[in-house]
Every structure is written in C-alpha cells, then in structure tokens.
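Here is a short briefing on open space and nonpolar packing. Start with the structure, then read the points by topic.

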Amino acid sequence: MFLGLRTVIYPAPDLAASKAWFTELLGYPPYFDEPFYVGFTVGGFELGLLPDADPTDGPTTYWGVPDAAAAFEQLLTLGADPISEPTDVGDGIRTAVVREPEGSRLGIIENPHFVTTPADSPGPGR
C-alpha cells in the first residue's frame, strides 16, 4: 500500500517563528509560504509547518499511497481509528490521518505531482 515516505508536518502555532527557525536551520527559505501552511523541500521530501495543528499531537508523517480513499478504508479495516478522512488539500493532492492501533498518528498522501528521485539527486518532491 505505501509507496514511500513523502511528508512530515510539524504543528506551528507561531508560524512566523517556526518558519524563521527552519529557514535558518536549512539555510534556505520555504518554496511555499502562505498563512495556512509553509512548505520546504528537503532531500526530495516535504517538511511542512501547519499553524492550526495541535502541538500535543506532535508531527504527523505522511506515507505516499496511490489512492487515498482506498488506503484509508484499508487502514480502518485493519483497526485504525479515523482522525481526518481523505480530503483534497489542493492541486489534486489528497490527505488523511488515522490513529493506528498502538495510538500513533499515521498520515497518508496521494500526490500525483510527487516525483521519486534518488536520495543523492536534486529535485522537487513532496
């Protein structure tokens, strides 16, 4: 079901402070910078900052899937509890989050724009 890791999203209640910190850490600015989300490309993957995420939940890791709706249903069948159902977040990208049976958050992302590149190759991806 999983195609590989795609994205890690960190809660960022103070989005400006988080953006500044990660910009300094990474040494470059985000490629996507809006009040509702800030995204950096790191090694071909997405590091996201989400201002309305709850910091007590910690970061959420998103695994790539070919079909978010089918993957979501399979996760529920295997005993996961829904947190957020598959949702189009723009540009044909669909995400969902479940709580797996041991209690951890697990995200899935269907992203038709993701291009798999070798780890040592430059290139966009999320």
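The model is predicted.

**Largest pocket**
- The space in the largest pocket comes to about 740 Å³.
- Its lining counts 32 residues.
- Nearest the pocket centre lie Ile-9, Tyr-37, Leu-50, Val-89 and Thr-95.
- Strands S1 (4-11), S4 (45-50), S5 (60-64), S6 (81-90), S7 (93-99) and S8 (105-110) each give two or more residues to this lining.
- S6 supplies the largest share of the lining, with six residues.

**Largest nonpolar core**
- Ten residues form the largest nonpolar core.
- Its members are Val-65, Ala-68, Ala-71, Phe-72, Leu-75, Ala-80, Ala-96, Val-98, Leu-106 and Ile-108.
- Helix H2 (68-77), S7 and S8 are the elements that give two or more residues to this core.
- H2 makes the largest contribution, four residues.

**Contacts of Val-65**
- Val-65 belongs to the largest nonpolar core.
- Beyond its neighbours within four places in sequence, Val-65 is in contact with Met-1, Phe-2, Leu-3, Ala-71, Ile-108, Ile-109 and Glu-110.
- Of these partners, Ala-71 and Ile-108 are also members of the largest nonpolar core.

**Another core**

Key. Residues are numbered from 1 along each chain as its sequence is written. This is a predicted model: local features need pLDDT of at least 70, side-chain atom pairs count only at pLDDT 80 or more; totals for chains, interfaces and linings use all residues. Side-chain values use heavy atoms; hydrogens and water are left out. On a 1 Å grid over the protein atoms alone, a cavity is a set of points where a 1.4 Å probe fits but cannot get out, and a pocket is an open set with protein on both sides within 12 Å along at least five of seven lines; lining residues have an atom within 4 Å of a point. Grid points are joined across faces, edges and corners, and a volume is the space filled by probe spheres set on the points. A nonpolar core is a set of buried Ala, Val, Leu, Ile, Met, Phe, Trp, Tyr and Cys residues joined through side-chain atoms within 4.5 Å. Buried means under 20% relative accessible area, exposed over 50%, partly exposed in between (1.4 Å probe, protein chains only). Contact means heavy atoms within 4.5 Å.
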